[in-house]
Amino acid sequence: MFMCYFADWRYRAFLVALAFSATLAEAEGDVSANLAAANGPLPGDLSRIQAEWDCAQQRATPGYFKSINGAEVSDARRSQQYTCASFLGAMDGPNDVYAYRLDGEYQGVLFANNRYPGELYITGGNNPSANGVVPPGPYVAKLDATTGTQIWRTYLENGNVSGVWVGAANLNILPDGNIPIAFGNHLVKLDGDTGRILKHIDLPADAPAEGSNFKHLTIAPDGTLIIKNQTRATPCDIQGTLAAFQCPGGAAASPGSTIHAINPDRFEIYDSISLPENAVTPHSIAEFDDKIMIYAPAIKTFFRVIWDPVSKMLKRDENWLTDSYLEQGQTSGDAPGILGDWIVVQVNGLPATKAASSIVAISQHDSSTITRVYPFGTDLPTGMSWAPPKAAVDSDNSMVFSADQNMMKIGAVKLDQATGTFSTVWAIDGATTALQALYGPPEARVLGTARAEPGTTVQQLNQTANPQYKQQALWLEAATGRVLAESDFFEAMNFNTLLSPGYGGRFYYMWDKGLIALQPMPQRDKPQ
């Protein structure tokens, strides 16, 4: 008995010493200064939350739950413009960044969306290695927005068991608070409160099942789910979204994509349409000429499909398509954005070694009217251009924000909507694999992104699964590119995700094993 007590006493003493050592390590700077400064969870600025919620109720996001962040990239237009999100730092002075690692491990987290304040939904299991055992997923989880404590997690796939292609899955919230999510050849609806699977259907495709991933789900203004797959050449056992071009033969050998229009309640497939090419990147939806237009760039051709909510039919618009949106040597466009009567798209969504990336504007009236700009020039200093994160569109200020991870630049251009003429506004050095996101009102718009640590190589940037370099969150004045705030360097942000806004001036930084909550604040005098 005495020996047991003595052993237990020694064990407790060891735990106390271990805790003391951890505290000492923090004091000596062995952890991030941002983490040490916060020293705990970030509840956000509570005085801002009601105003953010009220603002969100006025947003024009039909088909989506009205929140500051209820859609994968803000809205069906895929603008990445979060007008109701708060940047609480100073616009005209120095800022500090506070950080907290959310509880729990969330492998491959790619999107973080809000429903009500206090709720955080994520999709994970999205980023497997190309070969070998893959993590289970995709999955959807609901977390406490402050601590990260998991409320529920619903796994949707385990590729080790099924043998299917596991790619990324997107995240959107319906007006009733439930979650539709497409992956592989499946569509499910999850109960937003419990995570229970409410509905499931199999999605037919022109591509063989092992070469199809219906990751692209966007909600049309009438509420219809518009779902498109990306494909990979088969046979192929490479995993991850990038298999779309990594499989033998590349994207050119992959089958064409399929688009479905689906009832969001009953999951009835209204209509389907085939594209003759692989549309690797997501589609965007806009209302134009009193019609609902689906814009889908593919590996050679830019397509427009019309959705008629009255006849419940999809129709390819043969009068609007172009195979000249790419210059010689360029590769597929990313998901497009909408800027007035123009469709804007960042190209080189797949790696390119013969031409730099550009931003292209195509008239919605006439697809033969095309203009373009090279925001970072036409030279390839690293020998490669790759711009997988789509451009962000500021519809209020007629600006488009771009990044090319292998040209190692971030920048902004302005579009004269009357003429279609582009002008470069600013460009800075910075290698990022992140999407660009916009926060706040038009007159004080902030751009959020991430930037790799100096010395990071193209080879490291291209290692999309479990990358071995560091990145920092970056907040810029959108109009000028001036740095407003920058976090410490953390594990690299997951490939092709974004600095996701939350209620109360918080932001969520997603890396391979979880999330870090961040909050920029005006710098204040430190106690002596």
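Is Leu-156 buried or exposed, and what is its relative accessible area? Leu-156 is buried, with a relative accessible area of 14%; buried means under 20% relative accessible area, exposed over 50%, and partly exposed in between (1.4 Å probe, protein chains only).

The model is predicted: local features need pLDDT of at least 70, side-chain atom pairs count only at pLDDT 80 or more, and totals for chains, interfaces and linings use all residues. Residues are numbered from 1 along each chain as its sequence is written, and side-chain values use heavy atoms, with hydrogens and water left out.

**Confidence**

The protein has a mean pLDDT of 92, and 94% of its residues reach 70 or more; pLDDT is the predictor's confidence in each residue, from 0 to 100. Over residues 1–29 pLDDT stays under 50, and for this stretch the model has five contacts beyond four places in sequence. Contact means heavy atoms within 4.5 Å.

**Surroundings of Leu-156**

Leu-156 lies in the loop between β6 (150–155) and α4 (159–162). Helices (H or I, at least four residues) and strands (E, at least two) are DSSP runs, numbered from the N terminus. Leaving aside neighbours within four places in sequence, Leu-156 is in contact with residues including Tyr-139, Val-140, Phe-183 and Ile-197. Gly-137 is 19 residues away from Leu-156 in sequence and 6.0 Å away in space, C-alpha to C-alpha. Arg-153 lies over the face of Tyr-139, at 4.5 Å from the ring centre. For such a placement, NZ of Lys or CZ of Arg must be within 6 Å of the ring centre and within 35 degrees of the ring normal.

**Cores**

A nonpolar core is a set of buried Ala, Val, Leu, Ile, Met, Phe, Trp, Tyr and Cys residues joined through side-chain atoms within 4.5 Å. The largest one has 48 residues, and Val-140, Tyr-439, Trp-475, Leu-499, Tyr-509 and Leu-518 have the most contacts inside it. Another core lies apart from it and has 31 residues, among them Phe-214, Ile-219, Ala-261 and Leu-314. Not counting residues up to four places away in sequence, Tyr-509 touches Phe-490, Met-493, Leu-499 and Leu-518, among others.

**Sheet**

An open sheet of five strands has the order β1-β26-β27-β28-β29, with mixed pairing. Its edge strands, β1 (81–82) and β29 (483–491), each pair on one side only. Two strands pair if DSSP finds at least two bridges between them. Strands β27 (residues 446–452) and β28 (residues 470–477) pair in the antiparallel sense over seven bridges; Gln-472 in β28 is the bridge partner of Arg-451.

**Aromatic pairs**

The whole structure holds 16 aromatic pairs. Rings of Phe, Tyr and Trp (its six-membered ring) pair if their centres lie within 6.5 Å; planes under 30 degrees apart count as stacked, over 60 as edge-to-face and the rest as tilted. Two tilted pairs are tabulated.

| Pair | Distance of centres | Angle of planes |
|---|---|---|
| Trp-386 and Phe-495 | 5.6 Å | 40° |
| Phe-401 and Trp-426 | 6.4 Å | 50° |

Trp-386 lies in the loop between β21 (370–373) and β22 (392–394) and Phe-495 in the loop between β29 and β30 (500–501), so their pair ties together parts 109 residues apart in sequence. Trp-386 is buried at 3% relative accessible area, and Phe-495 is buried at 12%. Phe-401 belongs to strand β23 (residues 399–404) and Trp-426 to strand β25 (residues 421–429), so this pair ties together parts 25 residues apart in sequence. Phe-401 is buried, with a relative accessible area of 0%, and Trp-426 is buried at 7%. Elsewhere, Tyr-82, Tyr-439, Trp-475 and Phe-507 form one aromatic cluster.
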